[in-house]
Structure formats: C-alpha cells, structure tokens
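Please look over the sequence and the model shown here before reading on. The numbered points that follow concern the pockets and the ligand.

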Amino acid sequence: MMQEKILEILKSKSGYVSGEEISSHLKVSRQALWKHIQELRDLGYDIIAVPHLGYQLVELPDRLFPQEVTSGLETKFIGKNIHYQESVSSTMDLALELGMQGAPEGSVVLAESQSKGRGRLGRSWISPKYKGIYLSLILRPKISPLQSPLLTILCAVGLCEAIKEATQIEPQIKWPNDILINQKKIAGILTELNAEMDEVRFVAIGIGLNVNTEKKDLISTATSLKEELGQELNRVELLRAIFRKIESNYLLFRENKRREIIEKWRDYNTTLGKRVKILFHHQHLEGQAVDIDPDGALLVRKDSGVIQKITSGDVMHCR
Ligand code: BTN
C-alpha cells in the first residue's frame, strides 16, 4: 500500500521530508504523491506541506485504523488480522461469521461504533463513535465448552493489566467479568461459543471499553478512562497493550499455567470475601463468595453452610 509507505517515511522523520525524496524513494511521480497525501489528509492525518521544505506529519487521526494498530504491535497472532469497520450492528455478529468461515486464531473485528452492541444477559452496550474500544477476538483453543469461563477470566486479567500499564489506575474485576474503577463499570466482556458437545470450535470474545466516552453518554453506574483520568487517552496505544497482555495470558493458558492466571485474577477481584446476591438459573441465592475454582466458577457458601458452584449469572455485592 502506497499510503502506508508514505506514512512510514513521514513517521521516521521528525522534521520535513522533501517531496523529491519521497517520490524518488517510492518511485512515484510528484503528482501521484500529492494525490496520496490528499487521501491521507481526508482520513484525518494532519500533514502540512511547505514549498521548498516538503511534508511533515504533525498529528495522527483519532481512529483505530488497522495500519496504525499493527505498526509496532508486539504480538505473535492476536490483532495481526484486523477487520475494521466504522460502524456495525455488533462486532460479535461479524466475528461469529468470520469464525465460521475459518478466520485464523487471533483475528479481530474492530469497530468505531455499534448500533446494537450487546452485553451479557440481554443487556445492551452503548457504543458512541470514536470514543471507546469495541472489539471481538476469535480464539481457537482446544478445550471443552466447560472450560470456556477461564478464557473470559484471562481476558479480564489481560484487560486490567493493560489499563494499569496505560493509566497507572488499578481496576477491579467483579465476577465474572465486569471491570470496575471506583465501583463503576469501565469495561465488559462477552464470550460466545461455537462448539460441539465436548469440543469448542472457536470462541468470539467481545470486549467493550469506555475510553474517551463523555459523561453524558454513560449511565450512572458506568465510567470511562477519560472521566477517571481527567484527560483523553490514545486508543491505538491502549489497544496494542490490550492485545499484548491478552496474548501473554492466553499463552499461559495454552501452557497449562492456569493457576497463574487465577492468582492474578484474585489480585484484581473485588467479589471474593463479599456477601453476594446472585440471580442464577432463575433462582435467587445469597451467601458469601469464598473462592473461584480452576475452571473459573464462583464458589458461594450459603447460610446453610453448603457450598454452591456458580458458573454464570448476575452478582450483586451486598453492602
Ligand atoms: C457485559 O458487560 O455485559 C459485556 C459487554 C460486552 C460489550 C462488547 S462491545 C464489543 C462486543 N460487541 C458486542 O456487541 N458486545 C461486545
């Protein structure tokens, strides 16, 4: 791609690069170069042109363009193959389709906005344009469907590690997979399986993260990194960190170092030790959240003393 090559040259220099230099290097005419520069400007790249000096890239667009995300991406497979859309109904729909067509492990559907972003338990995920990170990641682990909660857990850990690295804020995880900052929800994870009885074909893991989302677009129980930090964050850099951290946790999972993941999850979690109310299989249940098991299920000690294993559901922390 000529545009990418031009960007590469502009990014490698801090000052001006002469049109002469670029066009001879890429073997295009000065006129063709000018046309490509115009196209880049239309995409939001702020490129100034000064006669006798040349071109200078002064600002990158606030977009999650795949070429920006993949340049400098330090992963082996996650995020190498990005399907980028300005707007979609839900990245999950596209990811499930791509998964069925055989998209390789690590493929990602990434959107700037969603009209029907969905959450767990039939909820919706509000996805204002250019403000958040909305993605679905395709993984092909060789596991039974029963082990899939651990995938969600490792993604939650990866997401927390990336948020912490980028912002110095330590988020918390509410079981199973709500990411909170100051008691308010900043991100959610939704895992959908395509599986046989005893074997997962692929999973689509949906992640919604409120990055630069404005207060007016947030419900009262939600927040964004911008709200918490008081400043906007570069979504591209954050996204690269998310891919890197999720991949390293997924590699732990593949190497059977699942205890390590659970231990990290424990450090971020805010549910264990609390008294909880849970809606589980149309049943209300109350007790003390005592542990999670190796598959990621929550263990709750009811007042009768009986320990119940919860694999999914909606948790409310009491008091
Ligand atoms: C939850 O907290 O209930 C999970 C929310 C998951 C939202 C993300 S946004 C990207 C992906 N596409 C969707 O439609 N949902 C997930």
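**Notes on the pockets and the ligand**

1. The second largest pocket holds about 560 Å³ of space, a volume being the space filled by probe spheres set on grid points that are joined across faces, edges and corners. Its lining consists of 27 residues, and those closest to its centre are Arg120, Pro149, Thr311, Ser312 and Gly313. A pocket here is an open set of points on a 1 Å grid over the protein atoms alone, where a 1.4 Å probe fits, with protein on both sides within 12 Å along at least five of seven lines, and lining residues have an atom within 4 Å of a point.

2. This is a predicted model, in which local features need pLDDT of at least 70 and side-chain atom pairs count only at pLDDT 80 or more, while totals for chains, interfaces and linings use all residues. Residues are numbered from 1 along each chain as its sequence is written, and side-chain values use heavy atoms, with hydrogens and water left out.

3. To the lining of the second largest pocket, helix 6 (149-167), strand 8 and strand 10 (275-280) each supply at least two residues, and strand 8 gives the most, with four residues. Helices (H or I, at least four residues) and strands (E, at least two) are DSSP runs, numbered from the N terminus.

4. The largest pocket contains about 960 Å³ of space. Its lining has 43 residues, among which Trp125, Asp178, Lys185, Ile219 and Thr221 lie nearest its centre. Strand 8 again gives the most to this lining, with five residues.

5. The ligand takes up the space of the largest pocket, where a molecule counts as sitting in a pocket if more than half of its atoms lie within 2 Å of the pocket's grid points. Of the 20 residues around the ligand, Ser90, Thr91, Arg118, Arg120 and Lys185 come nearest, a residue being near if one of its heavy atoms lies within 4 Å. Strand 8 (184-195) supplies the largest share of this shell, four residues.

6. Taken alone, the ligand exposes 420 Å², of which the protein buries 98%, with accessible areas taken from the Shrake-Rupley method with a 1.4 Å probe.
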